[in-house]
Amino acid sequence: MKNVGEAPQEELATGERSTRNKVARSVLDHGPSTVADLAGRLGLTQAAVRRHLDTLVAENVVEAREQRVYGARTRGRPAKVFALTDCGRDAFDQAYDTLAVDALRWIERTAGEGAAGEAAVAAFARDRMETQAEAYRTAIEAAAPEKRTEALAKALSADGYAATARNAPVGEQLCQHHCPVAHVAEQYPQLCEAETEVFSRLLGTHVQRLATIAHGDGVCTTFIPNSAPQTTTPSASASTAGRNPA
């Protein structure tokens, strides 16, 4: 006979799994996070967060890495952050990656491979983004000028990108903490390039893609300068999309 208040072992295990899933989901929604970040968001002690992270690291769901710093570095060692691995992302909503890659490969092959095939995939990527861009355009046009990047972030979040906007030196950073097509974009960077072109056009300024999940970064990061005039064409603004600048 069980003592009053004694939870069965399976209930304890289920509770632990549920909390670990919340930790992983928080990393997905907010990007690479420190132990303190996770403890604050989830209302857990740092010791509890570390215990769950140890398990998630062992299961290859998250990995520890040095925190990436944009701009001038501050003194001291960068904080350790935890980011989702490819395996961790697979646990969410990327079940159709293989189908998408097969479809793009068929488009590329049917168009004739080489430059013609790449152009056909790029045309598909632009058409796909144009469809999504309608909702983004509506959100941006309804926002005050200083809130346009934030409005775009909210519209992207509604499409599953877990996006946020934050201030940066001489501009803003649009951060997408999740990418539903990251694995596909690894093979077809035209998807990233088309997205960057759309951001540039919607915001009316040159933007620069600093990092992408598809190429191993924890977050897709796009820099938007403060009230900068459009100095390049949208295609030029996407020249670094899908990869880290050298």
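Biologist: How many bridges join E3 to strand E4?
Modeller: Six, and the two strands run antiparallel. E4 covers residues 171–176. Strands here are DSSP runs of E with at least two residues, helices are runs of H or I with at least four, and both are numbered from the N terminus. Two strands pair if DSSP finds at least two bridges between them.

Biologist: Before I go on, what kind of model is it?
Modeller: This is a predicted model: local features need pLDDT of at least 70, side-chain atom pairs count only at pLDDT 80 or more, and totals for chains, interfaces and linings use all residues. Residues are numbered from 1 along each chain as its sequence is written, and side-chain values use heavy atoms, with hydrogens and water left out.

Biologist: OK. What stands opposite arginine 166?
Modeller: Glutamine 173, in E4.

Biologist: And which helix packs on the sheet there?
Modeller: Helix H7, residues 148–158. H7 touches E3, E4 and strand E6 (220–225). Its direction makes about 160° with that of E3. Contact means heavy atoms within 4.5 Å. Axes are lines fitted to C-alpha atoms, for helices over the stretch in contact, and angles run from 0 to 180 degrees between N-to-C directions.

Biologist: What's the strand order in the sheet?
Modeller: E3-E4-E6-E5, four strands in an open sheet with antiparallel pairing. E3 (163–168) and E5 (208–211) are the edge strands, each pairing on one side only. On average, neighbouring strands are turned by 25° against each other, direction ignored.

Biologist: Which strands does H9 lie across?
Modeller: E4, E5 and E6. H9 runs at about 135° to E5.

Biologist: How far does H9 reach?
Modeller: 20 Å from its first C-alpha to its last, with 14 residues. That is close to the 20 Å expected at 1.5 Å a residue. The expected span is 1.5 Å times one less than the number of residues.

Biologist: Is H9 mostly covered or mostly open?
Modeller: Mostly covered: twelve of its 14 residues are buried. Among them are Cys192, Phe199 and Leu203. Buried means under 20% relative accessible area, exposed over 50%, and partly exposed in between, using a 1.4 Å probe and protein chains only.

Biologist: What comes after H9?
Modeller: Glycine 204, with a positive phi near 70°.

Biologist: Glutamate 195 next. Buried or exposed?
Modeller: Buried, at 7% relative accessible area. Glutamate 195 sits in H9, residues 190–203.

Biologist: Which side chains does glutamate 195 make polar contacts with?
Modeller: Glutamine 176 at 3.3 Å, and arginine 209 at 2.9 Å. A polar contact is a pair of N or O atoms within 3.5 Å; within protein, one must be able to donate a hydrogen and the other to accept it, and residues adjacent in sequence count only if both atoms are side-chain atoms.

Biologist: What else is glutamate 195 in contact with?
Modeller: Leaving aside neighbours within four places in sequence, the list also has Met129 and Tyr161.

Biologist: Switching topic. How many salt bridges in the whole structure?
Modeller: Eight. A salt bridge is a side-chain nitrogen of Lys or Arg within 4 Å of a carboxyl oxygen of Asp or Glu.

Biologist: What does glutamate 150 bridge to?
Modeller: Lysine 147 at 3.6 Å, N to O, and lysine 154 at 3.5 Å. These shared partners join Lys147, Glu150 and Lys154 into one network.

Biologist: Lysine 154: buried or exposed?
Modeller: Exposed, at 58% relative accessible area. Glutamate 150 is partly exposed, at 32%.
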